[in-house]
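Biologist: Hi! Could you walk me through this one?
Modeller: Happy to, here it comes.

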Amino acid sequence: MNEGFETLAIHAGQEADPHTGAVVPPIYAVSTYKQDGVGGLRAGYEYSRSANPTRTALEEALAAVEGGARGLAFASGLAAEDTLLRTVCKPGDHVVIPDDAYGGTYRLFSRVLQEWGVSFDPVPLGDLDAVRAAVRPETKAVWVETPTNPLLNVADIAALADVAHDRGAVLVVDNTFASPYLQQPLSLGADVVVHSTTKYVGGHSDVVGGALVTRSADLGERLAYHQNAMGAVAGPFDAWLTLRGLKTLGVRMDRHCDNAERVVDLLLSHPKVVQVLYPGLPEHPGHEVAAKQMRRFGGMVSFRVEGGEEAAVEICNRAELFTLGESLGGVESLIEHPGRMTHASAAGSPLEVPADLVRLSVGIETVDDLLADLSEALG
């Protein structure tokens, strides 16, 4: 039976406990496991860095909702990225990244991996000719975010998969902004999906985590080896919290999208807003691609304002129900100034974001309350 997304999110990897009938997987707060004789691992468990039943449940559920062969859970999204890149790359290799990538991803490439000998080029991923021109013989991966953080640009996953595979590279898609509910990159040709599960998958701003999901079992096995060897795994309580969040992802995303669309309508009509960035707008340059590969257009909205940086910062400071804070994807609405906050590490680089930009993570509160708060903050 082909089960629906919500069914998989609630049941995949989460069979009732055989001893008690508990319908929620227990938190296995354990470091080691009794073996049935030397080398006789009971159910494959020996040490919780290598595997833990609570983490296994999360990993199986993530693989199911992304339609992948293998899921792996990490201590953070960046831990997942680092493990992936050090698995598929070695010193001397090269990666193509978006020219508006998340600031933490850019920092990982520019301050960590580049010193290890991995080079990279930021490229506008909407320009397929530019991507082809950037790919070299030593390119091992094309890295995609769609929608991007914080400019909400959209990349054509299927087209980029063809470009990457023609050159022998893997296509990596950071699916954090869309979530598995709105977009499934593996079905479009991606080789690996990356998530900061801190965001929409966890959904409650109470846990930090990351994930990788692979299309092939072979790459999944290579990544699992490195996950164990490098050790940045999700702890059992973090895995349990993330799994709890995943169960309600579908219904939460529907509300995030509903509220975001109302917020966009308000911003479009406000005289102090000079540009609204949202893939659901017909004038958005990636709208047609987003409509093709996404279920809906998400809960993230960015906008630019009259008055430049100081005006943008003041709007962030005046908001009350929209909490001034980093991160995104929780049930509560957040507002931030990317240039001074989440993307400060990209200042002075090709990935520097506009100083007049404000980013919203639209939560699931009563939408009229959100609109009133935003109207007051805009002045």
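Biologist: Which residues form one aromatic cluster?
Modeller: That cluster consists of Tyr-106, Phe-109, Phe-120 and Trp-143. Rings of Phe, Tyr and Trp (its six-membered ring) pair if their centres lie within 6.5 Å; planes under 30 degrees apart count as stacked, over 60 as edge-to-face and the rest as tilted.

Biologist: Before I go on, what should I know about the model and the numbering?
Modeller: This is a predicted model, so local features need pLDDT of at least 70 and side-chain atom pairs count only at pLDDT 80 or more, while totals for chains, interfaces and linings use all residues. Residues are numbered from 1 along each chain as its sequence is written, and side-chain values use heavy atoms, with hydrogens and water left out.

Biologist: Good. How many aromatic pairs does the count come to?
Modeller: The count comes to six aromatic pairs. In one of them, the ring centres of Phe-5 and Tyr-181 are 5.2 Å apart and the planes are at 65°, so this pair is edge-to-face.

Biologist: Where do Phe-5 and Tyr-181 lie?
Modeller: Phe-5 lies in helix α1 (residues 5-11) and Tyr-181 in helix α7 (residues 179-182), so the pair ties together parts that are 176 residues apart in sequence. Helices (H or I, at least four residues) and strands (E, at least two) are DSSP runs, numbered from the N terminus.

Biologist: And is Phe-5 buried or exposed?
Modeller: Phe-5 counts as buried, at 9% relative accessibility. Tyr-181 is buried too, with a relative accessible area of 5%. Here buried means under 20% relative accessible area, exposed over 50%, and partly exposed in between (1.4 Å probe, protein chains only).

Biologist: Back to the cluster, then. What kind of pair do Phe-109 and Phe-120 form?
Modeller: Phe-109 and Phe-120 form a tilted pair, with 5.6 Å centre to centre and 45° between the planes. Phe-109 lies in helix α4 (residues 103-116) and Phe-120 in strand β3 (residues 119-123), so the pair ties together parts that are eleven residues apart in sequence. Both Phe-109 and Phe-120 are buried.

Biologist: Let's zoom out. How many helices and strands does the chain have?
Modeller: There are 13 helices and twelve strands in the chain.

Biologist: What about the radius of gyration?
Modeller: The chain has 21 Å, which agrees with the value near 21 Å that a compact globule of 379 residues would have. That radius is taken over C-alpha atoms, and the globule rule is 2.2 Å times the number of residues to the power 0.38. Along its principal axes, the C-alpha trace spans about 75 × 50 × 40 Å. Of the 379 residues, 55% count as buried.

Biologist: Which share of the contacts joins residues at least 24 apart?
Modeller: That share is 72%, among contacts between residues at least 6 apart in sequence. Contact means heavy atoms within 4.5 Å.

Biologist: Which residue other than glycine has a phi near 75°?
Modeller: Ser-179 has that positive value. Ser-179 is in helix α7 and counts as buried at 0% relative accessibility. Ala-43 has a positive phi of about 60°, although Ala-43 is not a glycine. Ala-43 lies in the loop between α1 and α2 (53-66) and counts as exposed at 69% relative accessibility.

Biologist: You mentioned α2, so how about Glu-60? What does Glu-60 touch?
Modeller: Not counting residues up to four places away in sequence, Glu-60 touches Ala-12 and Gly-13. Glu-60 lies in helix α2 and counts as partly exposed at 43% relative accessibility. C-alpha to C-alpha, Glu-60 and Gly-245 are 15 Å apart in space, and they are 185 residues apart in sequence.

Biologist: Last one: where is Glu-283 found?
Modeller: Glu-283 is in the loop between β8 (273-277) and α11 (287-293). Glu-283 is exposed, with a relative accessible area of 55%. The C-alpha atoms of Glu-283 and Asp-218 are separated by 41 Å, and the two residues are 65 apart along the chain.
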